[in-house]
Amino acid sequence: MNGEERMQTSAREVIIETRGLTKLYQMGAETIHALAGVDMQIRRNEYIAIMGPSGSGKSTLMNLIGCLDTPTDGEYILNGTPVQGLDDDELARIRNREIGFVFQTFNLLPRASALHNVELPLIYAGIPAKQRQEKARSALARVDLADRTHHKPNELSGGQRQRVAIARALVNDPSILLADEPTGNLDSKTSYEIMNVFEELHGSGQTIIMVTHEHDISEHAERVVTLRDGLIESHDAKADGLMAGV
Amino acid sequence: MFVLEGIWIALQQVWAHKLKSAFTLVGVIIGITFLIAVITVVEGMNRYVQEDFAGSLFGVNTFTVVRRSRISTGAETEERRREQARNPDLTLHDVEVVRRAVPDAWRFAYSSDRGFDEVSYRDRRRRNIRLIGASEGYEALQGWEVNRGRGLTPLDERRGLKVAVIGAEIEEKLFPGLDPIGKEIRIGSQRFEVVGVWDKQGGLFGNIRDASILLPYSVYRQTFARDPSDVDQISVKMRSLEEMNAAQIAVEGALRSDRGLRPGEENSFWIETSSELLDTWDKIVKVLFAAIPGLVSISLVVGGIVIMNIMLLSVAGRVREIGIRKAVGARRRDILIQFLAESSTLSIVGASIGILLGIGIGKGVEAFTPMPASVPPWGIALALTLGVLVGVGSGLYPAYRAAKQDPIVALRSE
């Protein structure tokens with residue numbers, strides 16, 4: 001896919017929109033505003049880094065965007081669907097279809113092979129075994145692990161594990177790839193490898209949202225959203241006018 | 001899909017931790033082993049009693065008139081027992097009354113019998129034997145067949161010949177390597193010529209025939225009878241069950257009118273049939289089967305609690321896995337089903353081991369006794385059903401705990 005096509009797809013469709021997204025936690029008598037009203041838009045094929053010091057609310061935002069949690073207040077529209085107020089099972093369905101998670105600690109099933117780990121979302125999507133294996137194999141091939149399908153996580157290096165996790169995140173063709181400190185447990189060389197994978201995916205049209213606290217990692221994104229005290233502090237669009245309105 | 005997942009995980013765990021699994025499943029294994037073993041043995045005994053034992057004791061379609069019931073069903077009252085003790089002895093007159101009541105009997109015989117100390121041939125002895133003095137037709141009615149020589153004939157009876165037919169165990173003891181036919185054995189102070197030997201009956205209860213000596217009735221009466229009764233039993237064999245039922249009613253009526261019993265008065269005699277014995281056996285089986293559920297359910301409940309504990313540990317150790325599964329789209333019920341499948345598989349593995357062990361015990365019983373080991377399909381179906389129930393029952397709470405995990409918390413757990 002060349003740059004022009006990428007521009008066309010990315011500039012159009014809003015895939016994530018939040019309005020006044022708020023999350024409160026009750027800590028004893030004290031109420032903590034983890035998110036104090038976040039408005040943001042993310043378009044298809046954007047590559048965004050969310051930054052901020054710890055306690056800034058970036059994990060909370062990540063959980064809300066990933067439909068692992070529901071907001072106390074505000075709206076969240078994912079791919080045209082209002083997500084706030086959905087029940088557990090509906091959220092599970094959305095996580096399954098729309099979101100691919102990549103975690104700092106990989107979060108692979110330790111006893112399962114790479115192939116089975118990648119198959120997992122397809123199992124819960126109810127896809128038949130044969131088709132499942134095909135899709136899982138091709139997802140592993142996309143991250144250059146076609147020859148590691150039957151290895152268990154403990155037989156793989158950190159970078160390979162994270163690539164298995166990326167394959168798992170991609171296997172169901174999600175609307176967004178949601179990465180939480182994806183290089184936090186990796187050395188710099190491997191981090192660089194993973195960032196290359198992200199760039200390739202982005203190049204082929206994947207929307208990527210990445211939470212990180214490392215500046216050199218956030219450099220890879222097109223746009224950096226910085227949070228502080230539960231609010232967006234700044235949008236920093238490095239690239240060519242892709243910045244979405246607040 | 002996650003059912004398979006749960007089954008697969010459970011099987012992997014059993015395989016990876018064989019010893020731990022053995023301890024986990026010991027309650028279920030013991031419960032099901034016991035269940036299957038008891039069902040197997042009782043069913044085998046059931047078949048044995050119905051097919052072999054009752055038939056060999058009383059014969060098919062046969063009833064026997066005796067003074068009082070010889071089988072305790074455990075149901076009769078003390079009063080009833082005392083009443084029966086007042087019944088008069090059977091006499092040769094009664095024999096004639098019965099004979100006239102059933103002119104179409106297929107087989108008819110009367111006999112007396114007693115235990116006796118010893119029978120000898122030269123210097124060889126056999127202790128604890130049974131002497132039977134019987135009318136002609138007794139052997140045919142009992143279905144006893146001679147293996148060598150001949151049975152008793154009407155001529156032996158009429159002439160009062162001192163002849164005897166002996167059981168196989170007595171032959172083995174007195175005539176090792178010898179032909180017993182024509183030899184003279186000594187019973188008490190009397191000498192008898194052996195004219196025949198019966199087939200060996202063998203078996204658990206078979207020695208009744210194998211250790212018996214049959215003498216002509218008149219000879220027995222003169223020489224050995226010690227109780228005042230002329231006759232211990234009068235037996236009638238008919239060709240079918242319907243005929244037997246009709247004949248039994250006819251004999252009952254004939255004896256009652258001969259003895260002048262008024263309507264409503266209890267019989268002053270007793271009629272035994274093999275069905276009476278089978279009724280008693282049925283009662284024993286019922287008691288056995290009534291005892292099983294209690295004993296089995298105790299071990300299954302214990303087994304279920306152990307499995308529940310293991311499942312709780314398993315859930316606690318796999319919180320992160322649950323988080324991962326939820327993150328990629330597992331719904332509550334997917335997790336629930338996975339853990340239920342896991343606990344059920346554990347339990348079914350235990351039940352299957354129990355079934356095999358139970359059948360093994362049954363086969364062992366079969367090898368050392370004449371009883372056939374018979375595992376009915378319903379027994380196996382019951383055992384597997386119980387396995388599933390215990391598995392689901394013990395997995396429910398752990399699976400519920402797993403299913404309601406918050407994915408965010410679960411993903412953060414170590």
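## Strand S8 of chain B

In S8(B), Ile166(B) has Ile213(B) as its bridge partner. Strand S5 (residues 163-166) of chain B and S8(B) run antiparallel and are joined by two bridges. Strands here are DSSP runs of E with at least two residues, helices are DSSP runs of H or I with at least four residues, and both are numbered from the N terminus. Two strands count as paired if DSSP finds at least two bridges between them.

S8(B) also pairs with S3(B), in the parallel sense and over five bridges. In this pairing Arg130(B) stands opposite Ser212(B) of S8(B). Strand S8 (residues 212-216) of chain B is mostly covered, with five of its five residues buried. A residue is called buried if 20 or more other C-beta atoms lie within 10 Å of its own, exposed if 12 or fewer do, and partly exposed in between, with C-beta atoms placed from the backbone.

## Basis of the model

This is a predicted model, in which local features need pLDDT of at least 70 and side-chain atom pairs count only at pLDDT 80 or more, whereas totals for chains, interfaces and linings use all residues. Residues are numbered from 1 along each chain as its sequence is written, and chains are lettered from A and ligands numbered from 1 in the order in which they are written.

## Chain A: composition and sheet

Chain A contains eight helices and 10 strands. Of its 246 residues, 47% are buried. Among the contacts in chain A with a separation of 6 or more, 69% are between residues 24 or more positions apart. Two residues are in contact if their C-beta atoms, placed from the backbone, lie within 7 Å.

An open sheet of chain A is formed by four strands in the order S2-S1-S4-S5, with antiparallel pairing. Strand S2 (30-43) and strand S5 (81-82) of chain A stand at its edges; each has a single partner strand, so one side of each is left without a neighbour in the sheet. Strand S1 (residues 14-27) and strand S4 (residues 73-78) of chain A pair in the antiparallel sense over five bridges. Ile16(A) has Leu78(A) of S4(A) as its bridge partner.

## Nonpolar cores

The largest nonpolar core has 114 residues, of which Ile48(A), Ile50(A) and Ala167(A) touch the most other members. Helix H2 (residues 18-58) of chain B supplies the largest share of this core, 15 residues. A nonpolar core is a set of buried Ala, Val, Leu, Ile, Met, Phe, Trp, Tyr and Cys residues joined through C-beta atoms within 7 Å.

Leaving aside residues up to four places away in sequence, Ile50(A) touches Lys58(A), Leu61(A), Met62(A), Ile209(A), Val211(A), Val225(A) and Leu227(A). A second, separate core of 50 residues includes Ala105(B), Ile166(B), Tyr220(B) and Val231(B).

## Contact between the chains

Chain A contributes 19 residues to the contact and chain B contributes 16 residues. On the side of chain A that touches chain B, the elements giving two or more residues are helix H3 (88-98) and helix H4 (114-124) of chain A. H3(A) gives the most to this side, with six residues.

By class, this side of chain A has nine nonpolar, four polar and six charged residues. Ala, Val, Leu, Ile, Met, Phe, Trp, Tyr, Cys and Pro count as nonpolar; Asp, Glu, Lys and Arg count as charged; the others, Gly among them, count as polar.

## Helix packing in chain B

Helix H13 (residues 332-368) and helix H14 (residues 377-403) of chain B pack at an angle of about 145 degrees, with their axes 7 Å apart. Axes are lines fitted to C-alpha atoms, for helices over the stretch in contact, and angles run from 0 to 180 degrees between N-to-C directions. The residues of the contact of H13(B) with H14(B) comprise 21 nonpolar, 10 polar and two charged.

## Individual residues

Asn107(A), with a phi of about 55 degrees, is found in the loop between strand S6 (99-102) and H4 of chain A. Asn107(A) is buried, with 21 other C-beta atoms within 10 Å. Arg122(B), with a phi of about 50 degrees, lies in the loop between strand S2 (107-121) and strand S3 (124-134) of chain B. Arg122(B) counts as exposed, with 11 C-beta neighbours inside 10 Å.

Asp258(B) belongs to helix H10 (residues 241-258) of chain B. Asp258(B) is partly exposed, as 15 other C-beta atoms lie within 10 Å. Asp258(B) and His93(B) are 165 residues apart in sequence, and 9.8 Å apart in space from C-alpha to C-alpha.
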